[in-house]
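Subject: Structure handover

Hello,

Here is the structure you are taking over. My notes on it follow below.

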Amino acid sequence: MTTTTTIPVVPALDHDEEARALITSTGIVVPVLETVIGGWRVRTPCQNETVLLAGTPIDRVHVVIDAGHGGSAEPGAVGVNGIVESELNLQVALHVEQLLEAAGYEVLLTRYSDYRLPIITRAEIANTLGADLLVSIHHNAGTAGASPAPGSEVYHARDSVEGKRLAGLIREEAVAQLADFEADWVAGPDGGPDEGVTYRLDARTGDDFYGMVRRPTIPAVITEMSYLGNPTEAALLETPGYRLAEAEAVVAGIVRWYETEDPGSGFVEPSYQIDSSGGGGGTTGCVDPELG
Ligand SMILES: [Zn+2]
């Protein structure tokens, strides 16, 4: 009997040295519009243009990881124990980057520190790089109905086949890994049918409501793995082990997206659409951070 061992291979990137994004000398990630003599013309976080003479150019990455929210005006949800979502999202995103790089993947975060970063710029970073995938890390506000299992939600664009598959794989890994922890889990809304993998349409346009899955031209998902408004989940989110488990679930889902044709699971049809102008993520009143 012969056995065949398949060694997973990380797809090679075509490193052509063309700068598509830049990490500025102050650590800010910006999309590159063009290379100019001695520097780069870039889009700033607040969608202005400027020329920078220093920084670390990035030509390609496999995956872009986005830590949702940021800056004093857009902290996102705040846990019952005072955990701020923008900071938590970044900590989980940094774990994801570290684990993916250890597995051989090249990764860029949309932000590495705490500042205002409109959704249009987050998507532009991923689009300009032409990455394979974009994962936006978030945590749910409020609370919901009691559930026997983690009420993790992952959102994808309605018509993105590969975004949907990635969402299903991350959701599968999230429920499996987080269920090892003890909590009074909740799932929403009110224990209803939207827990799981789904999409959310804008009732006014019929298009995807969330800019983080609508704007990227690559498969993109938003993870809402745990509820900051639920006291027992918020307590877990204070522990490094639980944050690492969330990151491990994201990484396991991404690696399975690359290495298998597994379909994922947890898909549900949305039970409602959103009929509002939404809150946050725009450029109004945006003040750029120091770019160096
Ligand atoms: Zn959020």
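How much area is buried between domain 1 and domain 2, and what percentage of it do carbon and sulfur atoms give? About 1300 Å² is buried between domain 1 and domain 2, and carbon and sulfur atoms give 66% of that area. Buried area here is the accessible area (1.4 Å probe) that two parts lose on being put together, summed over both.

Some ground rules come before the rest. This is a predicted model, in which local features need pLDDT of at least 70 and side-chain atom pairs count only at pLDDT 80 or more, while totals for chains, interfaces and linings use all residues. Residues are numbered from 1 along each chain as its sequence is written, and side-chain values use heavy atoms, with hydrogens and water left out.

The two domains

Domain 1 covers 19–58 and domain 2 covers 60–259; these bounds come from an automatic or database domain assignment. Their C-alpha centres lie 26 Å apart. In contact (heavy atoms within 4.5 Å) are 15 residues of domain 1 and 17 residues of domain 2.

One salt bridge is found across the interface of domain 1 and domain 2. The term stands for a side-chain nitrogen of Lys or Arg within 4 Å of a carboxyl oxygen of Asp or Glu. R43 and E124 form a salt bridge, with their closest N and O atoms 3.0 Å apart. Four residue pairs, both residues at pLDDT 80 or more, are in polar contact across the interface of domain 1 and domain 2. On the side of domain 1 that touches domain 2, the elements giving two or more residues are β1 (21–23) and β2 (29–36). The largest share of that side, four residues, comes from β2.

A polar contact is a pair of N or O atoms within 3.5 Å; within protein, one must be able to donate a hydrogen and the other to accept it, and residues adjacent in sequence count only if both atoms are side-chain atoms. Strands (E, at least two residues) and helices (H or I, at least four) are DSSP runs, numbered from the N terminus.

The disulfide

The model has one disulfide, meaning a pair of cysteine sulfur atoms within 2.5 Å. The disulfide joins C46 to C286, with an S to S distance of 1.9 Å. The two cysteines belong to distant parts of the chain, 240 residues apart: C46 is in the loop between β3 (39–43) and β4 (49–52), and C286 is in the segment after α6 (240–259). Because the torsion about the S-S bond of C46 and C286 is about -70°, the disulfide is left-handed. C46 and C286 are both buried, that is, under 20% relative accessible area, where exposed is over 50% and partly exposed is in between (1.4 Å probe, protein chains only).

Other residues

T44 also lies in the loop between β3 and β4. T44 is buried, at a relative accessible area of 3%. Its side chain makes a polar contact of 2.8 Å with that of D288. Leaving aside neighbours within four places in sequence, the residues in contact with T44 include V30, T121 and L291.

Most residues other than glycine have a negative phi. Q47, in the loop between β3 and β4, has a positive phi near 75° and is partly exposed at 24% relative accessibility. E17, in the segment before β1, has a positive phi of about 65° and is exposed, with a relative accessible area of 68%.

Regards
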